[in-house]
Every structure is written in C-alpha cells, then in structure tokens.
Amino acid sequence: MAAPETSPTPSSLRNAFGHVFSFFILILIGVLAFSIRLFSVIKYESVIHEFDPYFNYRVTQFLTKNGIYDFWNWFDDRTWYPLGRVIGGTVYPGLTLTAGTLWWLLNSLNIPLSVETVCVFTAPIFSAFASWATYLLTKEVKGAGAGLTAAALLAMVPSYISRSVAGSYDNEAVAIFALIFTFYLYIKTLNTGSLFYATLNSIAYFYMVCSWGGYTFIINLIPMHVLLCIVTGRYSSRLYIAYAPLVVLGTLLAALVPVVGFNAVMTSEHFASFLVFIIIHVVALVYYIKGILSPRMFKVAVMLVLSVGLVICCTVVAVLIALVASSPTKGWSGRSLSLLDPTYASKYIPIIASVSEHQPPTWPSYFMDLNILAFLVPAGIVACFLPLSDASSFVILYIVTSVYFSGVMVRLMLVLAPAACIMSGIALSGAFDVLTRSLKFQLPGTSEIFASDAVDTGSESVILNKDGAKEDKSEDSVKERPSKKSKKKEKEKEKEKEKEKEKEKENAGTLSSRSHAGTSSRRPLVLPVEASVIAIFLLVLLVAFYVVHCVWAAAEAYSAPSIVLTSQSPDGLHVFDDFREAYAWLSHNTDVDDKVASWWDYGYQTTAMANRTVIVDNNTWNNTHIATVGTAMSSPEKAAWEIFNSLDVKYVLVVFGGLVGYPSDDINKFLWMVRIGGGVFPHIKEPDYLRDGQYRIDSQATPTMLNCLMYKLSYYRFVETDGKGFDRVRRTEIGKKYFKLTHFEEVFTTHHWMVRIYKLKSPRNRIRGKTKKSKSKSSSTISSKSSRTRKKNPWN
Amino acid sequence: MAQLLKSELVWWRSFNLLLVDLTSQHVRLFTTLKVENNGTDSVSEVLLPFPDHQSKNLAFLTATTTEEKGKSKSSSQALPIKVVNPEGMPISLAWYSASLPKELGKGGQLTLEIRAVFTHALRPFPEKITQADAQLVVFQDSAYYLSPYVVKAQSFTVKLPEPRVESYTKLENAKLSGSEIKYGPYENIPPFSYTPIVVHFASNGPFAVAKDLVREIEISHWGNVQITEHYNLIHAGAESIGEFSRLDYQARPYLRGASAFRHLIAKLPPRAHSVYYRDEIGNISTSNLWGDSTKTLLEIEPRYPLFGGWKTSFTIGYGLPLHDFLFQSEGQRFLNISFGSPMNELVIDNLIVKVILPEGSKDITVSVPFPIKEWQEMKFSHLDMVGRPVVVLEKTNVVPEHNQYFQVKYRFNNLSLFREPLMLISGFFFLFVACIIYTHADFTISKSSASYVAKLQWDEVQTAIQQFQGVMSRCLAIHDKLEASLRDLSRTGDAQACKAARKAADSSLKELSKELKSLLGFLQSSPQAAQILPKVDELVVKEKELQEKLMLKHSIVVDAFEKRSGGRDTESRVASIQQKITALRLEVDDLLEVIDEI
C-alpha cells in the first residue's frame, strides 16, 4: 500500500496511485452497497421487516439483555404453547451473535444505539463486507480489475438487495458475506498453499455454519471442486492443504454449533465431504509413493493396492449405503431433499411447499433479480475457461450448481447472485481490458488524427479504472511471488531453486500472455478504434442500464417492510399500519399470559411485537401442531372453540384483506390450512371446501366453507360496511352475509379491518330448571354436538 | 398551635364564592374569600382544611391575595402554603395554612383567591359501560364551604361539560340552568358545616391519565435542547366491556364510542423541530404538526382509539433551540424550562423529569416552585468519558397547573465542548499513525533466513527495475520530443530550432545511457534479476536501435529541408525508416509492459 518514498519514479508513483485509487473505489463500493439499501429507512422508517427478522430481533434483544449463557439455555415458553421451544439449541446463532457483539461494542464505546437500530443496519453493513469479499475472491480468480467490477456489481445486485435492505434482519444478510468469504479463503489457500489461510478458511466456515443452514452448499461444493481437480489431474499439495484442514477443523467447529451438533457427521449432507476426504488421502498417498518408488515398482504397487483396496472400499461403501438407506428420508432433511428432487415437497410436505419462497422461480424473476448479469454470465464462463486455473474452475463449478439450485427454489437465487456477479465482473472487465488497450495502443501513434476529445473524455474513467486495475495486478503478482518462492526455498535446495524459478517464470509468462488473451498477443486482436469506442460506449450504456434497474429495484420493489403498507391515492400517500395497530392493542390491553392463536405466519410477529404467547409460529418444526390450528380454522365454530379452548387460547387473530384489497390474507392462505390440517386429521377433507376444484367464498361456495371458522371470523358483520359484502380481493360478493357468532366475540378490529381479533367466549353457565323444555332441548343438542366434536378434537 | 386555635375563634369570613369546574377530568375549585378579622388579635395565617378523601386527590393548591388599592385591582400576590397539623380539630381533615403577607389587624379585610385542583375525584358510575353507552360520572362535595371559621355568606356553582345531568342533590336554593348548577346563597354558616351533595352527569371528555411519564431534557451546547417524553397512558374513565365493533365505531363515532378519545394535542414551544412520535414497535404515522411564532401544536393519535380501561404507551421527542431556554448570569448558566407535560388536560400520576446536563458541568442547583423529590445520577452517552450529570426530579399527581418554569443552574466550561471532537480526531490520528508504523516496520522474526535475504534482494531489484523503467520512459519522451521538433519543422520551417532540439536530445540521451549503464551493471550482478534480465537487455538493444533510426530520420529530414530537395527519394527513405521506427516503438512498448507486469 505504501509507495516507496525514496524513489519517486513515475512507475512507482503510478503503482501507489493505482493502489490508493482502487482502495478508494473499494470504499466507495462499500458506501454504495450500504446506502442503496437505505431506501426502506428513507421511504418508510427504521423498522424490522417481514416475519423471520422479528424473531431474530427478539432473540437479539434477549441476548443483549440476558447474556450469552442464558441465550444458549433459553427455553422459550412464549411460543408453540404448550410445547415451547428450545431457542438456544434450534437457532442459527451467527446473526444474533454478530448483531449482539456489534451492539455491545458500540455501547462499550458509549455510543448508545438501540438494539433495534443495530439490527436494522446489520444487513447493509454486511452487504458492504460481502462486496469487499467478492472483490477479494474475484481478484484471486482473475485479477483486481475483475475484482473491482464484480464488487461493484454485487453491491447493487437486486437479488441480494431483496434480502439485505435495512431492516431485513435475516440470516441471509450475514450468510452471503460468510459464504463468499469462505470461498475466497479457500481459493486463497489453493493459490498460496498456506496453512495460515487454511485455518482462517475453517474459521470462516465455522462462521457460515453459525449463520445459515446454507452452509451445506459450501461443504458440498468444495469437495466437488476437489474431486474435479483430482479427476482432471490437477492434484497438488496446495489442494491438499486447502481441503484437508477444512474438513477436519471445519467439522469439529461445526459440531460446536448446537443446532448442527452431531449432524455434522451423521447426516448425508456432509457425506460427500468425508468421501472426498478419503479420496484425497488416497491420491496423496499414491503421489507420495510414486515419488519414492521407481516406475516399475510403482506399477506393481498399484496392482497390489487396487486389488486389496477395491475390496475394502466396496465393503465400506456397502455398509454406508445400508446405514443411510435404513433411515426413512435417506438421511436428508426435507429441504435438502426438495432441492434434489423438486417435486418432493409438494408431494409429501405441504408445509414446505406452502412457503412462497420455496417455489421455483419464473423466468421474469431471473431478469428482475439479475438483470444484465443473466446475459453476461456465459461470457464470464468463457473467460474463465480461456486459461483454466484451479480458481476459475471453482468459480465455474459454483455458478453451475447455483444455477441449478436457484431453479428449484426462488430463495436460492440469493446464492446464485454472487456467482453471477463474479462471472459478469470477469466478463465485463475482460471486455473493457481488450477495448481500452486497443484504444490506448493505437492512440499515441496516431495522436494527431485520433486524439479526439470525445474519445478521451468518454472513456477516460474506464481507462483510468483499467489502469488502476492493471497496476494492482502487477503489484499483486510481485507481492505473491516472493512468498511463493520463499516457501519453495525452505523446502528445496539452492540449486533446484534456479530451475524452479525458470519453470515458474515460464508458467507465469504463458499464463500472463494467455490471461490477456486478446491483449498480449496484440497485433492480431487490436480492434479498430471506432469499433472499440462504440463497444465501450455500448458497454457503459449496458452497465448504466443495470445501475438504473438496481436503483429502481432497491427503491420500489424491495424496500417495503411488509408490516406497513402504503398506497398512492390522489390526495397523497395512504398508510396502512394495521398490523402494528393490532399488535400494539394486544400488547397493551390483554393479559401478559394470554394465548393468541393465529395462522403460523403471524407467530413471530405476535411474540415479538405483542409479546403474547402463540400456538404456532414461523419455525414450522411441529407439523401436527400447525395442523391442529389449521383444523380449528377450517372447522365449524363450535368445534373450533373446543380445540382452541383445549389449547388455553383466549384470542384468535385473523388477517382479512377484503375491505381494502390486501391479497395475502388468511382467506387466500386458507387452502394450506385445509391441506395441512387434513394431512394430519383426516376428518378435514379438502373436497368439502372446493367447488369445481376451486376455493370459493361467493354464493357458489360449499356449506362447509361458509360455516368454517375462518370464513366467519373474516366476514363477521362485513356485509354492513357496504350493504353487499363485496370482497375486493376475491372480487366477488360473499356467499353468506348475515350470521352471528356464538362462541367468539369481536374485541378488536383495526382501522382498515386488516386484522381482526376475537375473544373466546367463556362457556355459558348450565341452566337448570326454569323453562325446562326449550333450554333442555338446546342444552342436549349442545352436549351431543360437543360429544361428537370431542372425538374430532385432537387435544382430548 | 395555641395561638392558631385562639385566632381561629376570632376570625370569620365575610363572604365566600365557590366555583367548581368539572368540564374536564380535573376538578378545579376556585374559591374567592373575603376575609375580615373580627377578633381582637392580629393574625398572620389562614387555615384551609380539606376532607381526607379530597386531600388525597389534591394535586395543586395556591392562594393569592388581591389587595384593593383604589379602583384598579392589582398586585395579586401568591401566598406560601404549608401543611399544618393543628390540635383539637375534627379528625379526617387535612390542614393547609396560608401565611398572609402582612398581619391582619382587628377589623382588617382581605380578599383571598384559592385555587385547588383535584385529580381522580370524578368516579365513573356505572363503572363498566359498553361501546354504545355514554360515560357518566359522579362528583361528591359539600354544598357548604368547609371551614373552621364562620361563613357569613356563600354561593356554590358547579360547572358541567354538558347539559346532560342524571341527578343532583336538591337542596334549597339549588338551581340547574343549562350546564351549571347553583347552590346558594347561604348565609351565616357555623364552622365545620358539611352538607354532602352528589352530582351525576355525563362527561365524555378524554380521561387520559399518564400512569408514568418520563421527560428527558438533554442539553447540548452545540445549540439544541432535546426533549424526549415517554408516556404510559390509560383511559381512566368507565371501563369498556363487551364487543368492540369497528363497524359501529366507524359508522357512528359519536354515538358508538363517545367515551373513547382518539387524539391528544401537545402544545410545544415555538420553533420546536425534529418532532417524532413512536412507540416500541416503530413510528406511528397518525400525527399532525402545525405551528406559528408563539407555539407549535402537535396532534397525536394513538394507534387505536382508547376506550375506557384501554392502555397504550408511546414516546414523543422534539428539539428546541438552545438560546430560547438557556441563559447566562454571573458565569453560571441556567436552564429555564417548563416542568410538566405539554399535553392538555392530562393527569400524570407519576412524573419523572430528567435534566441531562453536558459532560463536565459542575455546581448544579435546582429551583422548582413546588416541593418535589430530587436526586442526581450519571448517564453515559455519545462517547462520554466521565458521564453526564443528570438531575432527576420526581413528583406524583401532576396537573397542567404544574406547567411552570423551573431552573437548573450549573457551571460549564466552553472548552469541554471540544473534548469529543478532539478525542475522535486524535483517535483517527493514532489509528493512521499505527497503520503507517505497521506498514513500515519489519516484523520478520529471523533476519538471517534465506527467504528474508531473498526478499531484501528482490526489493532492491524491484527498485532498480523501476528506475530502469523511468529511464526508458524518459528516453521515449525524448524521442517524442524529437518527433515533435520534426513536425514543428514542417510547420514553421525553423531548421535552427530543430537542430537545437537535436543537440539537447543528444546530450540528455548520453546522460541517460550513463545512468542506464550503472543500473544494468547492478541488475547483471544481482542473481534475483536473472529472470528479468533477458527482457531488460532486449529492451535496451531495441531502444538503441530505435534511437539510431530516429536520429537517422531526423538528420535525413533536416538535411532534406536545408537542401530544400524535398524529393520523392527522401520521402520514401523516411517512410521506410518510419516503418521501422513504428515497429520498434511497438516492440519497446510491449517490452516495457511485460517488464511492468513482472
């Protein structure tokens, strides 16, 4: 970084300038990554978004209040009543610990930020880190120019923005940084063969395991790459150093995380890494033996080992397969299985299928989330092949696998985004390299004619950028060289060194000449000035289009916190703050120990914002419990009351969008309640709710539908608003307009009717004597009903 | 005490006017007393008793005298009031005594105005109502003024918010007109007369009670007073039971939900800025702000309408310009700011005011016009080292009448202002210094190891190569100059200038070649430079060739120009040389780049 002050020759100054320049570009990229995610704070407010972030926020609050030990031992009795949930053992603690540490650090410096503020801004901060990590990774693959381009692209890729805007306090926010950084350290280790980086790599992997379940992607991708290297004959001691410590240290560290624990060695997700671990040792042994034996002896040894080893291998593999096959899911978790077999979830686990982010993405969503990157990726892949190195083969493998995964689940688009950015960065920087070099090359010779100002000003920044990048590259290779050499020197004798160097030089020469494919072998590939000017202009236009799209996506598409909705009306912005209205009402006007039942989507928010005990929440670990709530919601009033009462529920919360046209309300989610409920309790039959294969709530609806609790709670007295009962989401008049509630009473409805809260009426006193006939009749019908429903009620 | 008793016997009131204002949740009792000393001794105190059930709700009590000087009523004066406990009086009475400014002699007359405010004195009845019901409250008092003195004449007026009255105690001379009930006038009432009256009436005003209110007043000498108020609010009226129907509430808000209140108005000082209104789960968007030069009005609406018994909590905050509230006198600074909440008609059960003074304030004194609990704390905020002194004032049962100014005096050195910026600056300075030291320091453990020596050598080679590159680029620059001189020649025809340029170029090239020699010598001697040396040598050769060609071209052109031959042959010769020159130039550039990349 520091320029040698003694000899201010032009080139050293240029080097220093390039360094400082790229340093500032990196800082600016960080600022860009941070600030582009602040639209949500500016347009709305500094608030936690959506559902899962509320849980993370609540956990962080607990951590900052009670300390780390209480956090590990936390048994949460506010959720999954009456089961509870062991939070410390079932949560990925990376995000929480990160934000908690950040908060603690700031407060010990006497900067009094609230936990909420820290949580809100964790994601933007880490996306800045992620773009820097991308720079490092791409620099390892293709040099600093590509690194800077990739970092700038990642800083604003919409797919990543969608998960890391300010307030989106979710695991992914931190995990993407951890993912890229782990990959960087792996590549760095692979390039240097340094044990130091290998250790750092396993620590980064540990952080990733702490933060996100997606760590299995790393622990499968890296073995795949190692295997690829071995198969293509690229085995080296560097590869061994990059891989073996990662598996050993990484697995040990991963087992420290309570939520992973023994899964790190027991489940099939980790199986590949151990298999490759064995293979790389065998390969290493073979290479070693090859080194000490004469070729003939070696052949004999190979024959011997092959015959014995194959037998052993076969038995071991057979035992393993038998073990794995004995478990019903073949040792894979549901989500992983649905990755391997995209139809698995919809067949067997409706609860996974019911989450919209687990659906496969549509084509437009690729364009929305990646924009021009989708077209630049193939070019990047080609550029990676031109000199295929260990690092570039890794990146290729990364993009190929992540494209597949993103095609299965829309949420994994997030894993694809960094790969796409790296590829596009390589492609773009390569293209700029060729074009600007051909410009630069032709300009001095023909300066009288072609030194047109337009070209200069137009491509000035680009040229500058490239220059900086180039400087970096040269400086970097200079830096790397001595370290490599020193390593070698330690190993080998002085004489061998010379040869080594020569070899290496040749390597470097060929590499560098090839790496500048278009540019090193200049003469044939110099483009005409006009063509390169136009091409540069078009490329800049393309990138500008990307920037415009990203800013638009950040500002318009991905910044809504989803607990506050807005609509543009002629007389200004209209705010729908109904969710918080309801949660605030619950938290202030109900008893601390009251239980609130709602569909599981609202569980996290209810516990975090209203601080009330819920029956089910977004951590969908107990299917039966969720099915119970689904059953209650799809049962008639009386049966539902029985179920809820047996669960000690006092309030029932439903989300209803019919008045203002809020589409993701409970009626639209009702099919999943029926499906999940029916999956466990067979007396709920989906066809009962369907008319012509459709869920309808209009006059065509089935009587079961019109009598179920969800319908009644949603539309109670709805008809009185406009006289017709016109539902603006379903665009139809409701089927049953006038009805009374017998077992529930309305206690609160928000301003736009989006949240309605009902209280379970306490059971009526038994009436004896007086007006015997009518009362006894009614009571007998009630009791008979209750006896009938009792059978249905799963809690008795 | 004996004297008090004695005096009590000889005093009596000449006339007594009572007005009780029940239009809000506060009960405000205005009493005008015309006092005459009918005894023998002159006495300096007037006793004011209240029954216990009232005195526990008594939030505020003042007595002022209005001396009548001629026609103009003026110079009203507040009297100090203290709690006394005279002996021999009827029990379950609380006694207050107001000391007169000057003793009242025999036959002396005086007008006293007493203002008492009670909280929680209106009891909702029925205690639980549904959404559709109006809120009814009960007020109990005595029709006669409770006094240890003889009252000569008195009248009693009860002012109600609405003309709707369910019932009231009908005594003689009681009259209901509109929203006022008048009792009296009654004459010659003996001491300690007590006739209970009960008024049962509709009151739908906001019964907003802040269970707790914490006001934080933070002074920044950079020009801002930041006020943050945390409210914990409850609707203390009749409790709401049964269903809450949003439909009814929206369709007929003044019938179904008349007792609910939907908004509160805070009257903030003028020039209040950066106003916010939020609760623990985020911003509350239903608020309105407007202001003029005398005040700023903030209308806030809780997240949901508050029915009887419903609670909510929220925070409002705003900044005020410092110079409006902080003054200087005798080297001391004093803050002069109002005590209570800016909300109108709010009862505060427990008010805590925290004045956070800037770090480094000393000699803190507080003066508040009424008795309060007071202590000091420390608070650590933005980058504090020793913490900021906090003056905490606590008072229960606060009503809008307590919205008086109070003063906090302290000493503060202006230089302390720069403590934190300087700290930051020095922090970053030392960070950078540490970075510089780190990059320049050598942390190699073994100075004699082979790799370390190699690294040192390599560094030397690198600098040598950099110098070499510098020399080369200077050479190329001279070439460019020569070319330029040729172009000038064709334009201006000044052969002399061209020759001069040639001479200068020759001499500087000679110097450069000398430099080059020493550098090359070094590079050849160094083993580290072995791999780069061929390229360097090649470059040197090429450059030489280029130089020669260039000189050749130069002399040809100049010769041709001088001889004015300008024929085809020279042109073709030059062209052939030019081709070689460009080719050589390209090669040299290539080589330079290759070296650069190494």
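This is a short tour of a predicted model, stop by stop. Local features need pLDDT of at least 70, side-chain atom pairs count only at pLDDT 80 or more, and totals for chains, interfaces and linings use all residues. Residues are numbered from 1 along each chain as written, chains are lettered from A, and side-chain values use heavy atoms, without hydrogens or water.

**Stop 1: a helix in chain A.** Select residues 529-557 of chain A. This is helix α29, with 29 residues. Helices here are DSSP runs (H or I, at least four residues), and strands are E runs of at least two, numbered from the N terminus. Helix α29 reaches 40 Å, close to the 42 Å expected at 1.5 Å a residue; that expected span is 1.5 Å times one less than the number of residues. Its buried residues include A:I536, A:L539 and A:Y546. Buried means under 20% relative accessible area, exposed over 50%, partly exposed in between (1.4 Å probe, protein chains only).

**Stop 2: a pair in helix α33.** Select A:K638 and A:E642. They form a salt bridge, with the closest N and O atoms 3.7 Å apart. The term means a side-chain nitrogen of Lys or Arg within 4 Å of a carboxyl oxygen of Asp or Glu. The two sit 4 residues apart in helix α33 of chain A, so about one helical turn separates them.

**Stop 3: a pair in chain B.** Select B:E401 and B:R115. Their side chains meet in a salt bridge at 2.8 Å, N to O. B:E401 lies in a loop between β31 and β32 and B:R115 in strand β8, so the pair ties together parts 286 residues apart in sequence. B:E401 is buried at 12%; B:R115 is partly exposed at 28%.

**Last stop: a network.** Select A:E45, A:D577, A:R580, B:D279 and B:R303. Salt bridges link these residues in a network.
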